[in-house]
Amino acid sequence: MLDFDLAAMYQVETKVLKQAVRRNSQRFPSDFMFELTQEEYNELIIRLRSQIVTLEAGRGKYPKYAPFAFTEQGVAMLSSVLRSETAIQVNIAVMRAFVAIRQLLTAPPSDRIGRLETQVQELKEYIEEIFADQNDINEDTRMQLELINQTLAELQSHDRPSIRSRRPIGFIRK
């Protein structure tokens with residue numbers, strides 16, 4: 001990323017960002033940050049100007065010095081040398097990410113996977129026990145239902161007492 005984009009992201013002026021980098025040059029080796037060459041800078045300006053058809057008037061609208069280009073590590077280091085609120089929050093987030101990665105490395109997920117496999121196996125055994133108990137209950141219930149059906153069949157086969165005829169209800173015409 002280029003210095004003016006990072007300055008906007010960290011909510012500081014480009015001049016302030018460049019000053020901070022120059023004051024802390026030992027924190028920015030060549031694999032963290034480099035300055036564009038004059039040719040690269042001219043090519044960048046030509047592309048910027050071709051996208052913006054008319055240039056804005058006014059002093060200081062376009063930089064006269066080549067911008068710094070930052071790598072991923074340079075962006076993270078930049079958050080530690082700037083003093084804006086956004087830079088502080090980014091730096092805190094970076095530190096928390098490093099701590100989370102270190103914790104992940106000290107307690108590898110393979111231990112977690114082993115524990116999960118053990119828990120899944122225990123759950124499988126528990127469910128099999130429940131199904132076995134359920135089948136036992138079903139056998140007992142089936143036996144009881146068969147006995148009830150036999151008893152009902154015996155009761156139906158016995159002769160019923162005859163029902164005497166009743167007098168009809170309602171108005172009877174003679």
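Reader: Why does Phe28 count as buried?

Author: This is a predicted model, so the value is computed from it. Phe28 has 5% relative accessibility. Buried means under 20%. Therefore Phe28 counts as buried.

Reader: What makes the pair of Phe28 and Phe70 edge-to-face?

Author: Two values describe a pair: the distance of the centres and the angle of the planes. The centres of the Phe28 and Phe70 rings are 6.0 Å apart. Rings pair within 6.5 Å. Their planes stand at 75 degrees, and over 60 counts as edge-to-face. So the pair is edge-to-face.

Reader: Where in the chain do Phe28 and Phe70 lie?

Author: Phe28 is in the loop between helix 2 and strand 1, and Phe70 is in strand 2.

Reader: Why is the pair of Phe68 and Phe70 edge-to-face?

Author: Here the centres lie 6.4 Å apart and the planes are at 85 degrees. The cut-offs are 6.5 Å and 60 degrees. So this pair is edge-to-face. Phe28, Phe68 and Phe70 form one aromatic cluster.

Reader: How do you know whether Phe68 and Phe70 are buried or exposed?

Author: Phe68 has 4% relative accessibility, and Phe70 has 5%. The limit for buried is under 20%. Therefore Phe68 counts as buried, and Phe70 is buried.

Reader: Which charged end sits over the ring of Phe68?

Author: That of Lys18, 5.1 Å from the ring centre. The distance cut-off is 6 Å.

Methods: Residues numbered from 1 in each chain as written. Predicted model: local features only at pLDDT ≥ 70, side-chain atom pairs only at ≥ 80, totals over all residues. Heavy atoms only, no water. Phe/Tyr/Trp six-rings, centres within 6.5 Å; stacked < 30°, edge-to-face > 60°. Helix = DSSP H or I, 4+ residues; strand = E, 2+ residues; numbered from the N terminus. Buried < 20%, exposed > 50% of the residue type's maximum accessible area, 1.4 Å probe, protein only. Lys NZ or Arg CZ within 6 Å of the ring centre and 35° of its normal.
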